[in-house]
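Colleague: I am new to this one. Could you take me through a few parts of it?

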Amino acid sequence: MYQCVFGLWQKTYTNGAKTYKLHAGSTPGTEPRAASYKMQTLPAGRSSASCHVTRCSSLSDSETAKMAASIREKQTAALRRMLNFNAPPLKNSAAEPVWKVLIYDRFGQDIISPLLSVKELRDMGITLHLLLHSDRDPIPDVPAIYFVMPTEENVDRICQDLRNQLYESYYLNFISAISRSKLEDIAGAALGANAVSQVTKVFDQYLNFITLEDDMFVLCNQNKELISYHAINKPDIMDTEMDAIMDTIVDSLFCFFVTLGAVPIIRCPRGNAAEMVAVKLDKKLRENLRDARNSLFTGDTMGAGQFSFQRPLFVLADRNLDLATPLHHTWTYQALIHDVLDFHLNRVNLEESSGPEASPSGARPKKKNKKSYDLTAADRFWQKHKGSPFPEVAESVQQELDTYRAQEDEVKRLKSIMGLEGEDEGAISMLSDNTAKLTSAVSSLPELLEKKRLIDLHTNVATAVLDNIKTRKLDVYFEYEEKLMSKSTLDKSLLDMISDPDAGTPEDKMRLFLIYYITSQQPPTETDLEQYKRALTDAGCNLAPLNYIKQWKAFTKMAATPASYGNSGTKPMGLISRVMNTGSQFVMEGVKNLVLKQHNLPVARILDNLMDMKCNPETDDYRYFDPKMLRGSESSIPRNKNPFQEAIVFVVGGGNYIEYQNLVDYAKTKPGKRVMYGCSELFNASQFLKQLSQLGQK
């Protein structure tokens with residue numbers, strides 16, 4: 001009989017070549033990055049069990065030296081290491097990988113899917129990837145890597161797997177730090193099932209966030225309604241609920257900074273959810289740094305950034321700072337896809353119409369085919385054009401298509417020449433000239449086929465976007481809203497826009513009116529408001545969001561001045577002509593060719609002030625936290641007077657691709673500076689309007 005009591009833990013830390021052994025009780029939540037808990041059993045009569053906790057940073061020293069700067073590459077490196085049994089993957093190894101199965105929950109799936117394709121998983125030896133709570137058959141001679149959240153039901157299911165002897169060995173990786181009590185549950189189950197030797201390692205991975213771009217991350221996709229704008233701003237929220245929301249956000253942000261390998265300087269406004277997050281995050285980072293033995297920010301994990309000699313600035317903003325931008329109709333490719341199509345976690349789902357032929361009377365209508373496309377970092381066209389205005393994208397797709405067709409025609413021509421009959425002199429000389437050309441053309445075929453796949457992808461996606469622009473007149477809405485936000489003169493009255501039956505959906509009209517209401521210095525008079533409400537109701541709009549925005553506007557008026565949107569606007573370049581050539585895929589007739597003028601949205605403007613340490617009434621009162629200082633200070637006076645080279649902007653309450661793109665454009669104007677964008681959830685205007693509607697009904 002064996003018993004395992006988690007009493008005194010023996011901790012072994014490896015730092016370079018030295019190994020230190022420490023005997024100490026462990027505090028839950030302070031276990032090191034990828035801390036491994038190796039269970040040992042003792043014969044009955046000895047009343048304690050020791051548990052080796054080996055410090056195992058996600059990056060070795062050599063990896064750190066040539067470390068990639070972007071958060072996407074850092075998180076991908078941590079996942080690759082995890083999938084290699086938490087050992088650094090061997091480069092250029094000809095040896096066959098160890099075949100294994102990957103078991104994840106929905107959270108784990110969302111973290112992995114934007115970063116690693118099925119092919120890449122297979123190359124790392126993952127033959128099968130299954131959801132934890134699905135029905136799984138035993139595969140007794142294969143090791144299993146688990147990547148799950150440390151929740152009660154997940155731990156119960158892992159214990160069940162141990163009892164059912166599903167796999168040869170178990171590598172348990174928790175997305176967030178697992179508590180002591182849950183660890184004891186797993187140990188108990190392993191003992192009960194006589195499977196202690198099979199639980200090879202238990203790791204805390206600190207990967208509880210989703211990276212979508214090199215410079216963009218969101219906190220979660222599953223259960224995002226628990227930390228949504230609606231959840232934070234509902235009037236009847238209890239203090240305990242608010243605390244739980246803040247703890248969830250802080251846990252993910254802590255994981256983000258552990259993966260980034262940097263302790264930031266935190267700045268935030270006073271008196272809102274962003275300040276609550278800042279206070280809790282500062283406390284969590286401070287506690288981890290103070291506990292030198294367990295700190296996740298020491299030695300080999302640190303300083304792995306491009307600007308490691310200087311710490312990053314972390315700006316926390318509250319969504320209430322700017323409610324107009326999330327409702328704004330947009331004109332750049334990525335933001336448009338998110339606004340009008342089903343696009344999440346870098347995958348766009350399109351419904352393809354099955355042609356014009358009608359179903360026979362009485363027959364069921366044909367099901368529309370659903371197609372999914374992944375827009376990845378490997379797609380050069382996407383990387384180049386995701387932030388471009390839509391007409392430019394349509395033109396570039398057309399050019400790519402023309403280039404591809406020319407290359408394809410060349411291959412066909414060479415094929416037909418090679419098939420020449422007869423032995424005449426001309427044929428033989430042409431044959432020798434073209435053999436080399438054809439060899440080169442054939443060797444470039446795989447590249448050509450991949451190019452064709454990407455062109456087809458962007459042709460389909462851009463066509464779907466264009467259909468929406470034309471049927472809803474999104475170019476007109478975009479131009480009108482830009483004028484509203486920059487206080488330019490309007491060429492058509494707002495009432496006419498709302499009353500026009502051909503212009504957009506009821507949702508488009510509501511978005512336009514809310515932007516007008518949010519950005520106007522003086523709210524409309526009661527009489528005017530009634531008139532607008534009537535027109536909106538006639539157009540089929542739900543007025544609930546307006547009820548909430550009225551309360552919000554009244555509150556912000558008392559609290560502070562409304563956000564200014566800078567000198568934005570668009571430059572109309574006439575109707576699109578160049579794309580209209582014959583044979584073009586895109587019939588852009590009637591769509592305005594609008595060129596964006598660079599301007600800073602409120603979030604980018606605040607970042608600019610804080611990054612360059614400018615004096616500005618808007619940000620002078622922002623609180624300043626430095627988790628490395630021994631004592632927390634209440635001051636808003638920065639101790640660091642040097643401008644920052646690297647910054648992370650995080651919006652509590654949700655973000656969008658319009659803000660992300662604005663920050664990308666801002667960073668382009670500041671050579672040598674890097675900016676990352678993060679948000680608690682990523683929503684498009686339609687999803688945000690639903691949340692405002694729920695708040696307006698209360």
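Colleague: Which side chain does the side chain of His 328 touch at 2.7 Å in a polar contact?

Modeller: That partner is the side chain of Glu 482. Please keep in mind that this is a predicted model. The His 328 side chain also makes a polar contact with the side chain of Glu 481, at 2.6 Å.

Colleague: Where is His 328 found?

Modeller: His 328 lies in the loop that runs between strand S15 (313–318) and helix H10 (333–340).

Colleague: Is His 328 buried or exposed?

Modeller: His 328 is buried: its relative accessible area is 4%, and the cut-off for buried is under 20%.

Colleague: Leaving aside neighbours within four places in sequence, what is His 328 in contact with?

Modeller: Its contacts are Phe 478, Glu 481, Glu 482, Met 485, Arg 511, Ile 515 and Ile 658. Arg 511 and Ile 515 are among the buried residues of helix H17.

Colleague: How many residues of H17 are buried?

Modeller: Twelve of the 14 are buried, so H17 is mostly covered. The buried ones include Asp 508, Lys 509 and Tyr 516.

Colleague: What span should H17 have at 1.5 Å a residue?

Modeller: The 14 residues of H17 (506–519) should span 20 Å, and the end C-alpha atoms are 20 Å apart, which agrees.

Colleague: Changing topic, why is H22 described as largely enclosed by the rest of the structure?

Modeller: Because nine of its twelve residues are buried. Among them are Ala 685, Phe 688, Gln 691 and Gly 696.

Colleague: How far apart are the end C-alpha atoms of H22?

Modeller: They are 16 Å apart, which agrees with the 16 Å that residues 685–696 should span at 1.5 Å a residue.

Definitions and conventions:
Residues numbered from 1 in each chain as written. Predicted model: local features only at pLDDT ≥ 70, side-chain atom pairs only at ≥ 80, totals over all residues. Heavy atoms only, no water. Helix = DSSP H or I, 4+ residues; strand = E, 2+ residues; numbered from the N terminus. Expected span 1.5 Å × (residues − 1). Buried < 20%, exposed > 50% of the residue type's maximum accessible area, 1.4 Å probe, protein only. Polar contact = N/O pair within 3.5 Å; in protein donor to acceptor, adjacent residues only side chain to side chain. Contact = heavy atoms within 4.5 Å.
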